[in-house]
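Subject: Structure handover

Hello,

Here is the structure for you to look through. My notes follow below it.

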Amino acid sequence: MKRSEVVAEAAITVLADHGMRGLTHRAVDEAAGLPTGSTSNLARSRAALLELTLVHLTALEERALAEALGAGGSELAELMAAALLVQIRDRRRTLARYELALEANRRPELRAVYNRVGARFRDPGVVMLAAMGSADPVRHARQLVAFGEGLMFDTLVGAGSEPSFEELRDGIEELIAGMLADG
């Protein structure tokens with residue numbers, strides 16, 4: 001693993017375990033098992049550390065969701081359900097993303113990065129839903145993402161329990177059927 005990936009992985013762990021307030025260059029050095037100052041040499045400012053972490057996290061999520069992002073038709077619900085379970089079960093990564101999302105609301109420079117990388121997940125949804133016959137694929141893609149985000153949030157930080165694969169798949173199928181019925 002490249003040093004930037006080691007630092008980003010450690011930052012993800014620190015964010016998940018200690019939140020945004022616990023994220024310091026020194027804490028990342030310790031979590032990564034690196035000499036003091038290593039993180040600062042790679043990401044000089046807090047903003048640079050946040051961006052490095054968000055970009056790495058996005059790459060990890062893209063790999064985890066690659067199949068679902070290229071799906072369509074009847075396989076979409078199954079692949080999206082499987083992808084949601086990956087996100088739910090990788091609590092560390094998903095909690096770190098929530099920390100970064102909240103921080104992006106306070107830091108315009110991080111918001112710009114967050115919006116840019118977020119489009120890499122929303123845009124394929126628009127294309128998939130348009131190909132499936134959605135009358136409003138932009139709105140429907142936003143709703144599909146919100147459905148998944150809501151389930152993940154409820155499971156990880158809300159009062160919900162982990163849904164089964166079947167519950168996720170059925171919910172996604174129902175949502176998509178409702179969207180396509182609009183057309």
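Start with H56. H56 is buried, at a relative accessible area of 10%. Buried means under 20% relative accessible area, exposed means over 50%, and partly exposed lies in between, with a 1.4 Å probe and protein chains only. H56 sits in helix α4. Helices here are DSSP runs of H or I with at least four residues, strands are runs of E with at least two, and both are numbered from the N terminus. Leaving aside neighbours within four places in sequence, H56 is in contact with E5, A8, E9 and I12. Contact means heavy atoms within 4.5 Å.

A word on the basis. This is a predicted model, in which local features need pLDDT of at least 70 and side-chain atom pairs count only at pLDDT 80 or more, while totals for chains, interfaces and linings use all residues. Residues are numbered from 1 along each chain as its sequence is written, and side-chain values use heavy atoms, with hydrogens and water left out.

Overall fold

The protein chain has nine helices and zero strands. Along the sequence the pattern reads α-α-α-α-α-α-α-α-α. The radius of gyration is 18 Å, close to the 16 Å that the globule rule gives for 183 residues, so the protein chain is as compact as a globular protein of that length. That radius is taken over C-alpha atoms, and the rule is 2.2 Å times the number of residues to the power 0.38. The C-alpha atoms fill a box of roughly 55 × 30 × 30 Å along the principal axes. Of the 183 residues, 42% are buried. Among contacts with a separation of 6 or more, 67% join residues 24 or more positions apart. The accessible surface comes to about 9200 Å², and 53% of that surface belongs to carbon and sulfur atoms. Areas come from the Shrake-Rupley method with a 1.4 Å probe; for residues, only the protein chains shown count as cover.

Helix α2

Which residues of helix α2 are buried? In this helix, residues 25-32, they are H25, V28 and D29. Seen down the axis of α2, these fall within an arc of 105 degrees, so they line one face of the helix. The arc is that of the directions from the helix axis to the C-beta atoms. R26 and E30 are exposed, on the face turned away from the buried side. The cover over the buried residues of α2 includes α1 (3-22), α3 (38-42) and α4 (46-69). After α2 comes G33, with a positive phi near 70 degrees.

A31 also belongs to α2. A31 is partly exposed, with a relative accessible area of 45%. Beyond its neighbours within four places in sequence, A31 is in contact with A10 and V14. E9, in helix α1, is 22 residues from A31 along the chain, and their C-alpha atoms are separated by 9.0 Å. With neighbours within four places left aside, E9 is in contact with M1, H56, L60 and R92. A31 and R120 are 89 residues apart in sequence and 29 Å apart in space, C-alpha to C-alpha.

Nonpolar cores

The largest nonpolar core has 24 residues, and L23, V28, L49, L54 and L100 have the most contacts inside it. Such a core is a set of buried Ala, Val, Leu, Ile, Met, Phe, Trp, Tyr and Cys residues joined through side-chain atoms within 4.5 Å. At least two residues of this core come from each of α1, α4, α6 (91-104) and α7 (108-131). The largest share, seven residues, is from α1. Apart from this core lies another, of 20 residues, including A16, L95, M152 and L168. Not counting residues up to four places away in sequence, L54 touches L100, L110, V113, Y114 and V117.

Aromatic pair

The structure holds one aromatic pair. Y98 and F153 form it, edge-to-face, at 5.4 Å centre to centre and 70 degrees between the planes. Rings of Phe, Tyr and Trp (its six-membered ring) pair if their centres lie within 6.5 Å; planes under 30 degrees apart count as stacked, over 60 as edge-to-face and the rest as tilted. Y98 lies in helix α6 and F153 in helix α8 (residues 137-156), so the pair ties together parts that are 55 residues apart in sequence. Y98 counts as buried, at 12% relative accessibility. F153 is partly exposed, with a relative accessible area of 45%.

Best wishes
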